[in-house]
Amino acid sequence: MPVKHMLAASAGEVVACLIRVPSEVVKQRAQVSASSGTFHIFSNILCQEGIQGLYRGYKSTVLREIPFSLVQFPLWESLKALWSWRQDHVVDSWQSGVCGAFAGGFAAAVTTPLDVAKTRIMLAKAGSSTASGNVLSALHGVWRTQGLSGLFAGVFPRMAAISLGGFIFLGAYDQTRSFLLELGRERP
């Protein structure tokens with residue numbers, strides 16, 4: 001993947017996180033607080049922490065998403081190229097999806113510690129040292145209290161969900177891309 005594509009993807013992640021992070025903060029807090037509704041949680045965050053409370057974990061989310069993309073997309077392209085070379089023709093969309101599933105699952109596995117840190121930061125008690133958003137400090141705290149297993153907590157469900165998403169998204173992406181390219185060739 002050319003450097004300009006990686007930079008564009010990284011910039012896209014930074015912007016996408018402007019929407020993703022507040023919704024993730026509210027969702028995660030709703031998941032651990034069964035008695036409160038979503039709007040109540042949203043209101044409490046704004047009242048108690050201000051707008052910065054909605055963006056708690058922004059930096060850690062970006063620090064998770066960029067390495068994830070830098071692993072997933074080049075691996076996906078490499079797997080497709082290898083499969084194409086082995087069968088002596090371009091991969092079909094379903095094959096691209098399979099490559100996407102493997103690439104996404106692998107990227108999910110290697111970035112799980114960053115996901116754990118992000119989650120800890122988002123769910124930390126307001127004013128605590130973890131809530132400050134220091135990713136290395138959050139990782140060190142997990143390592144100190146739970147070791148390697150703590151850093152990879154939830155790795156299998158994360159891999160499964162992202163593999164499925166990679167199969168669907170990247171397979172559909174390739175199918176749509178092929179369709180549009182073919183449509184463009186047919187028009188004068």
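**Pockets and aromatic rings in a predicted model**

By class, 11 nonpolar, 3 polar and 5 charged residues make up the lining of the largest pocket. Here Ala, Val, Leu, Ile, Met, Phe, Trp, Tyr, Cys and Pro count as nonpolar, Asp, Glu, Lys and Arg as charged, and the others, Gly among them, as polar. The model is predicted: local features need pLDDT of at least 70 and side-chain atom pairs pLDDT 80 or more, while totals for chains, interfaces and linings use all residues. Residues are numbered from 1 along each chain as its sequence is written, and side-chain values use heavy atoms, with hydrogens and water left out.

A pocket is found on a 1 Å grid over the protein atoms alone, as an open set of points where a 1.4 Å probe fits, with protein on both sides within 12 Å along at least five of seven lines; lining residues have an atom within 4 Å of a point. The largest pocket has a volume of about 420 Å³, a volume being the space filled by probe spheres set on the points, which are joined across faces, edges and corners. Of its 19 lining residues, Trp76, Glu77, Lys80, Tyr173 and Asp174 are the closest to its centre. Helix H8 (155-186) gives the most to this lining, with 7 residues. Helices are DSSP runs (H or I, at least four residues), numbered from the N terminus.

A pair of aromatic rings is described by the distance of the centres and the angle of the planes. Rings of Phe, Tyr and Trp (its six-membered ring) pair if their centres lie within 6.5 Å; planes under 30 degrees apart count as stacked, over 60 as edge-to-face and the rest as tilted. The whole structure holds 4 aromatic pairs. One of them joins Tyr55 and Tyr58 edge-to-face, at 6.3 Å centre to centre and 65 degrees between the planes. Phe73 and Trp76 form an edge-to-face pair with 6.3 Å between centres and 75 degrees between planes. These two residues lie 3 apart in helix H4 (residues 58-87), so about one helical turn separates them. Ring pairs link Phe73, Trp76 and Tyr173 into a cluster.

Is Trp76 buried or exposed? With a relative accessibility of 3%, Trp76 is buried, where buried means under 20% relative accessible area, exposed over 50% and partly exposed in between (1.4 Å probe, protein chains only). The charged end of Lys80 sits over the ring of Trp76, 3.9 Å from its centre; this requires NZ of Lys or CZ of Arg within 6 Å of the ring centre and within 35 degrees of the ring normal.
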